[in-house]
Amino acid sequence: MDEGTLKRIGDLADRLNYQTLLLLLAGVVFLVVLVRMLRRLSAGLYHQVPSRRLLISQITTVLNFIIYIFGGAFLFLAVIRPSREVLLAAAGSAAVALGFALKDLVGSLIAGLILIFDRPFQVGDRVTFGGVYGEIRQIGLRAVRLVTLDDSLVTIPNNRFLTEVVSSGNAGELDMMVTMDFHVALDANLAQACDLIHETVVTSRFTYMKKPVAVVAAETAVSGRIAMRLQAKAYVMDVRFEKAFQTDVFLRGTEALQRHGIKRPPLEWPVPA
């Protein structure tokens, strides 16, 4: 190393005394506590203003980024107070070292910023990614945390979302389309079956009636035999009630079909010749 570099390193080491390290540690703890307080505040607002639950989650995510990035930069500049030469040297060295040693992490950090501003999905969305379906709970600095419908927490690095396909069911809205399948025999009264299923959907307490309800018919195979699939398409008022909506419609719809004698597909498997 040349003399100028040694001098800058010595200057930086002189500033990192015991008191400075304690201040840095206290600052980091403060940032962590501030973020946790922000999350608790947002959790309280969820219950007070449930109609703005997704907006509150999105604002909380952005504020977390601001606190960590700008708070960390402020701590470095305010506590260590490096000279201009030391700052430039440290920034250059850190950029090169982190670029090689933490390439994947830096890629995830940049991808996280892209996800925040490009918004292919948002906090609170129901998404399908890599065969995993669930609700986005957090878009962090390094990874996205997704909770499946069986309450499993899945952590996915941010940079994976830039190269793979992700499907969002509600795209930032509280309501979301839900499909529910019913199967009837080919010689069943299809018109009556469609009417019964449609009535079941529109009378569900979970249905979002400001959007259309439809029942689509198509042939399909059930137990090796051709049958008719009647697929109900409707919007649930809140994505949190997705499974409750499906269960309600399925139970009442099945009961209505049985009560009116609508033929169902035969249960036995065809006997091989």
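Reader: So what classes of residue make up the lining of the largest pocket?
Author: The lining has 6 nonpolar, 4 polar and 7 charged residues. Here Ala, Val, Leu, Ile, Met, Phe, Trp, Tyr, Cys and Pro count as nonpolar, Asp, Glu, Lys and Arg as charged, and the others, Gly among them, as polar. Keep in mind that this is a predicted model: local features need pLDDT of at least 70, side-chain atom pairs count only at pLDDT 80 or more, and totals for chains, interfaces and linings use all residues. Residues are numbered from 1 along each chain as its sequence is written, and side-chain values use heavy atoms, with hydrogens and water left out.

Reader: OK, and what volume does the largest pocket have?
Author: About 340 Å³. Of the 17 residues that line this pocket, the closest to its centre are Tyr46, Arg53, Glu135, Ile136 and Arg137. A pocket is an open set of points on a 1 Å grid over the protein atoms alone, where a 1.4 Å probe fits, with protein on both sides within 12 Å along at least five of seven lines; lining residues have an atom within 4 Å of a point. Grid points are joined across faces, edges and corners, and the volume is the space filled by probe spheres set on the points.

Reader: Which element gives the most to that lining?
Author: That's β2, with 4 residues. At least two residues each come from α3 (53–80), β2 (132–139) and β3 (143–148). Those labels are DSSP runs numbered from the N terminus: helices are H or I with at least four residues, strands are E with at least two.

Reader: What sheet is β2 in, then?
Author: An open sheet of 5 strands, in the order β4-β3-β2-β1-β5, with antiparallel pairing. Two strands pair if DSSP finds at least two bridges between them. β4 (153–157) and β5 are at the edges with a single partner strand each, so one side of each has no neighbour in the sheet. From one strand to the next, the twist averages 40 degrees; axes are lines fitted to C-alpha atoms, for helices over the stretch in contact, and angles run from 0 to 180 degrees between N-to-C directions.

Reader: How many bridges join β2 to β3?
Author: There are 5. Ile136, one of the residues closest to the pocket centre, has leucine 146 in β3 as its bridge partner. Glutamine 138 is partnered with arginine 145 in β3. The two strands are joined by a hairpin through 3 residues.

Reader: Which residue in the β1–β2 turn has a positive phi?
Author: Glycine 130, at about 55 degrees, in a hairpin with 2 residues between the strands. Strand β1 (residues 126–129) is joined to β2 by 4 bridges, and phenylalanine 129 stands opposite valine 132. The hairpin of β3 and β4 has 4 residues between its strands, and aspartate 151 in that turn has a positive phi of about 70 degrees.

Reader: New topic: what order do the strands of the β6, β7 and β8 sheet come in?
Author: β6-β8-β7, an open sheet of 3 strands with antiparallel pairing. β6 (176–184) and β7 (214–222) are its edges, each with a single partner strand, so one side of each is left without a neighbour there. The average twist is 30 degrees from one strand to the next. β7 pairs with strand β8 (residues 225–236) over 9 bridges, and alanine 218 has arginine 229 in β8 as its bridge partner.

Reader: Which helix lies across β6, β7 and β8?
Author: Helix α6 (residues 190–202), which runs at about 25 degrees to β8. Helix α7 (residues 242–259) packs on the sheet too, touching β6 and β8. Contact means heavy atoms within 4.5 Å.

Reader: Last one: how many salt bridges does the count come to?
Author: The count is 9, where a salt bridge is a side-chain nitrogen of Lys or Arg within 4 Å of a carboxyl oxygen of Asp or Glu. One of them joins lysine 211 and aspartate 175, at 2.8 Å from N to O. Lysine 211 is in the loop between α6 and β7 and aspartate 175 in the loop between β5 (166–168) and β6, so this pair links distant parts of the chain, 36 residues apart.
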